Amino acid sequence: MSSIPKIKSKSLSGQVLWAVFAQGAVLVVVLSAAYFLFQNTQANLDAKGIKSGFAFLGHEAGLPIGDSLIEYNPTKSYGYAFLVGILNTLMVSVLAIILSTILGILVGVARVSNNWLLARLAAIYVETLRNIPLLLTLIFTYIIIIGSLPHPRDAISLFDGYFLSNRGIYIPKPIAEDGFGIFIIAAIVASVLAISFGVWAKQYKRRTGRLVPGIWGGLAIFAVLTGLAFLATGNPIGSETPEFRGFNFSGGLGLKPEFVALLTGLVLYTAAYIGENVRSGIESVHAGQIEAANALGVPSGVVTRLVMLPQALRVTIPATTNDYASLVKNSSLAVAIGFPDMVSIGGTIIGQNGQAIEVIAMWMAVYLTINMLISFGMNLLNSRVQIVER
Amino acid sequence: MTQITSEADTKTFEPLAARGAPTRQIGPLNWLRKNLFSGWLNSLTSLVLIGVLLWVLPVMINWLFLDAVFRGNGEVCRQSAGACWPFIYEKIPVLMVGVYPQELIWRPAVAGVALLALVYLTFSDRIRGFVLISAWLALPLFALVMIGGAFGMTEVNQSLWGGLMLSILLALVGVIVSIPLGVMLALGRFYGSPLVKALCIGFIELIRGVPLITILFMVSVMMPLFLPPEMIINNLMRIQIGMIFFSAAYMAEVIRGGLQAIPKGQTEASLALGVSPNRTILFVIVPQALRHVLPPLIGRCIALFKDTSLVIIVGLLDFLGMIKGAALDPDWLGFQTEAYFFAAFVYWLICYSLSRYGRALENRGPNGAKR
């Protein structure tokens, strides 16, 4: 990296000595600072009677958690409660990444649309969402969901069994009935067949140059086979519809308003950023490329897929990687609206036993791991779209 | 060689009739046809969007202006279907400075006027270079003296600072301290010896890898544990330090991008002229790198200003905190939409003007269209 050339010499000249000395000095300063902090921490923890170490993870948590993907009750351990938090963080992040990507692509395409009105509106959307703090957007979505939706008693029923109310969104819960296992096996077989058809179609095209609709064929194979299996096993997926009882709904699958608000806020916010990435990706493709392809008589769908997209993705993907990483980190704002994500549960644990250092270390470890996974996955994707240079 | 055998095989070339000159496509109708109604899909989209706008805009305008109450109290507001603006007027002092003592409010006001004046001078490009930089360095000091009180002025405890004043102060001090720190981190990462480089990379990546909230928790909960009991730093100061560290890590990455963009010839030319390596970096490379990355640096300033809203989670009452408090005032219950709408408007106004300024700089900077 260093572009300042160093003077080379055979003997241990003054410069080299100086460099070694400087490095040693830095090391001493850093180590003594670390020792100073460590000593203070030890003394402070002793003075306050706070234990250290990770033994607390095994103790009974005694904290209630509103939303949990796995079975949870307050008698479980702190470690288990923290795991619930990690899973909640992961769930909201994954859903938000998927939804904001879809919305972001729509926004980005709308911004470069020929339709003046659509382009304007998309620009207003992006400029508004990007210039307001995410925390405010989250609070706004939360009060709108809580404030404008009715009490569960008068819940809005969109379809049979789907209810919108200020206690959240309730939808029928799918339940496995007899023959569900066989159906799943059939579905797996169908997807394997569909994917192998797609792979074969691609190889066939490489070999002969003839086009076989691999994606559509694969989808058709999957749909037909799973449909047949569904009928053959006699409709193995039942459903449990939510019902209004007493003060709230019971049964069914409920999405709490905190979760819905967090997801909506994150998706709206991140989609504005992804929309900008998509737009700059599309605008980075030279107009001559598209014109040349059109002039050669290439169908417009193929122009988009094989001329525009590969070049646009080269610009869009690296920027979007950063936005995904920010999204995961931003999901920690859940603490402000009361969704029990990892930070919110960790914060409660700190409040209960004061072991801030351990909890913060655990947060950092989880976030760094998630970010590394995202950048690893996106780098893989990126290496496939970048121009291969010598 | 084929022989032409019959008359039927020969064809005389007959050019098509020339097309007429294109008619001039100007005027509102043509504009509509070209931009909104070219093709059925476009027309359909336009119609749907116009329909949605016709439905949403009147509702918005009614709420904001026509049905809104501009004078009166909570009772008058509750009678009306529109927004309640007297609520915002009454809360303005609290929203701006928090629970700062009423009789001393002129002091933050003077600091605010100084800030606005400096913003005007900067945006309109009246001051440049050394004057610009020293004015911006002096401003936070001036503001801190005015707000906190020194040189014989009554001191105001930091726990009383709040509102938009606190948000701007956190962002301003954060940006101004974190840029030099970011330059140092970037230089360490780019030119440093292996140990320095490793330390800089470790610091930057660790901070960039975790959310700001965890850093704020860390400075407000963990920092007192790290320091000896006699070294007490108040909560505001700790949070300011956290924001500076956070911002510095991001600034460092932006500035590193600028360092990478400087062609090698610059270094070589400077060294060839006998300028020492340290001076080359300080007076040749860094100024050029900063000029290159001014627009993204402005972007980081916007991000930091937006991020100051997170301090309510660790117990400071910044602008958003005051808005939240105002929405819970029993005299004005039920007007939280107005409060958050006002908050969104203020944040938007500040961030959008900054981003417009960034774009203007982009056009006049080294990569700009002009020049």
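User: Which helices of chain A do the buried residues of α9(A) pack against?

Analyst: This is a predicted model, in which local features need pLDDT of at least 70, side-chain atom pairs count only at pLDDT 80 or more, and totals for chains, interfaces and linings use all residues. Residues are numbered from 1 along each chain as its sequence is written, and chains are lettered from A and ligands numbered from 1 in the order in which they are written. A residue is buried if 20 or more other C-beta atoms, placed from the backbone, lie within 10 Å of its own; in α9(A) these include A312(A), T316(A) and Y324(A). The buried residues of α9(A) pack against α2 (78-111), α4 (134-148), α7 (257-284) and α12 (356-385) of chain A.

User: Why is chain A said to be more spread out than a compact globule?

Analyst: The globule rule is 2.2 Å times the number of residues to the power 0.38, and the radius of gyration is taken over C-alpha atoms. For 390 residues the rule gives 21 Å, so chain A is more spread out than a compact globule, with a radius of gyration of 28 Å.

User: Which element gives the most to the side of chain A that touches chain B?

Analyst: Two residues are in contact if their C-beta atoms, placed from the backbone, lie within 7 Å. The contact takes 48 residues from chain A and 44 residues from chain B. With 11 residues, the element that gives the most on the side of chain A is α1(A).

User: What share of residues 164-358 of chain B is helix?

Analyst: An unreviewed UniProt entry lists this span as "domain: ABC transmembrane type-1"; such annotations may be inferred rather than shown by experiment. Its end C-alpha atoms lie 22 Å apart. The span is 0% strand, and its helix share is 81%.

Conventions. Helices (H or I, at least four residues) and strands (E, at least two) are DSSP runs, numbered from the N terminus. A residue is buried if 20 or more other C-beta atoms lie within 10 Å of its own, exposed if 12 or fewer, and partly exposed in between; C-beta atoms are placed from the backbone.
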